[in-house]
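Subject: Handover of a structure

Dear colleague,

Please find below the structure that I am handing over to you. My notes on it follow directly after.

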Amino acid sequence: GDGWLAEHPEAEQITRRYLANLHGLARQALDRLNGQEAEGGDAGTMESPRKATLHEQRLRVVLDHLKGSGAESVVDLGCGEGKLVRMLLQERQFRRILGMDVSYAELAKAMRRLHYEEMAPKQHERLELIQGSLLYRDARLTGFDAAAVVEVIEHLDEDRLQAFERVVFGAAQPGMVIVTTPNAEYNTVFETLDAGAMRHQDHRFEWTRAEFATWAERVGQEFNYRVSFASIGTEHEGVGAPSQMAIFTYET
Ligand code: SAH
């Protein structure tokens, strides 16, 4: 396509068709045509040097914090289809991994994606996937060095958040809790979102950075956790980054 494809109005379709079924290559080719060499960076893998999606960046940031904390046991609360669980499994540091979700369909997907049934015994021993709700106290969640709650709180009704707090920070009480949630202020940057709309149909709320900070600091005080904050994704002037994260550390 040298010399004509980049300018062609159907460049995307032509490239895709030409590289049919080779999605990774099509993406690389398109990135190159657009003059944006994939900045895969940390989140990109060798096989897929495309730009990391926001969610991949988010999971990578969470993973890095978990690694840095020295945690050996991690519970992924609202693990969904198991993207973070898969990353945790790849790190030997994590000797015990528990994935929990309320949705059986998501858990089934996770089992398929992780090849749970065919897993080598050594891996199998490290991992458990369970169905459960974050709104009910659950003894299976106790005794972990760290918990990840990635893009989950905004799926809970705001008036049930107190139940969630008691279950996670009060009863399960992991040494560290990492919570991520969208930054509502950033929504104006997404061209496809109507003003005031949320990013996902099932989101019950989306918080500004100030709202998230107020909640997290109150929770920290109430349950004896020190809190720090970090942003995820590229910052945009005035509105911050697309996603926000609070890191809670239990104070003994
Ligand atoms: N953490 C995953 C999934 C995020 S989507 C990821 O980052 O990829 C939100 C997930 O929270 C869904 O899988 C949903 O089933 C789960 N969820 C919603 N309410 C829940 C509850 N009360 N208890 C446990 N999981 C819940």
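The paragraphs below describe the ligand site, the aromatic residues and one loop glycine.

This is a predicted model, in which local features need pLDDT of at least 70 and side-chain atom pairs count only at pLDDT 80 or more, while totals for chains, interfaces and linings use all residues. Residues are numbered from 1 along each chain as its sequence is written, and side-chain values use heavy atoms, with hydrogens and water left out.

I begin with the ligand. The largest pocket is the space that the ligand takes; a pocket is an open set of points on a 1 Å grid over the protein atoms alone, where a 1.4 Å probe fits, with protein on both sides within 12 Å along at least five of seven lines. There are 17 residues around the ligand, and those that come nearest are His 55, Gly 78, Asp 101, Leu 134 and Val 150 (a residue counts as near if one of its heavy atoms lies within 4 Å). For a backbone N or O atom of Val 102 the distance to a ligand nitrogen is 3.4 Å; for a side-chain N or O atom of Ser 133 it is 3.3 Å; and for a polar backbone atom of Val 150 it is 2.9 Å. The protein buries 83% of the 570 Å² that the ligand exposes when taken alone (areas by the Shrake-Rupley method with a 1.4 Å probe).

I turn next to the aromatic residues. The whole structure contains 13 aromatic pairs, that is, rings of Phe, Tyr and Trp (its six-membered ring) with centres within 6.5 Å; planes under 30 degrees apart count as stacked, over 60 as edge-to-face and the rest as tilted. Phe 164 and Phe 169 form an edge-to-face pair, at 6.4 Å centre to centre and 85° between the planes. Trp 215 and Phe 248 are also edge-to-face, because their planes stand at 85°, with the ring centres 6.1 Å apart. Trp 215 belongs to helix α8 (residues 209–223) and Phe 248 to strand β7 (residues 243–250), so this pair ties together parts that are 33 residues apart in sequence. Helices (H or I, at least four residues) and strands (E, at least two) are DSSP runs, numbered from the N terminus. Trp 215 and Phe 248 are both buried, meaning under 20% relative accessible area, with exposed over 50% and partly exposed in between (1.4 Å probe, protein chains only).

Finally, Gly 233 lies in the loop between β6 (225–232) and β7. Gly 233 is partly exposed, at 24% relative accessible area.

With kind regards

Terms used. Polar contact = N/O pair within 3.5 Å; in protein donor to acceptor, adjacent residues only side chain to side chain. 1 Å grid on protein atoms, 1.4 Å probe; cavity = no way out; pocket = protein on both sides within 12 Å on 5 of 7 lines; lining within 4 Å. Sits in = over half its atoms within 2 Å of the grid points.
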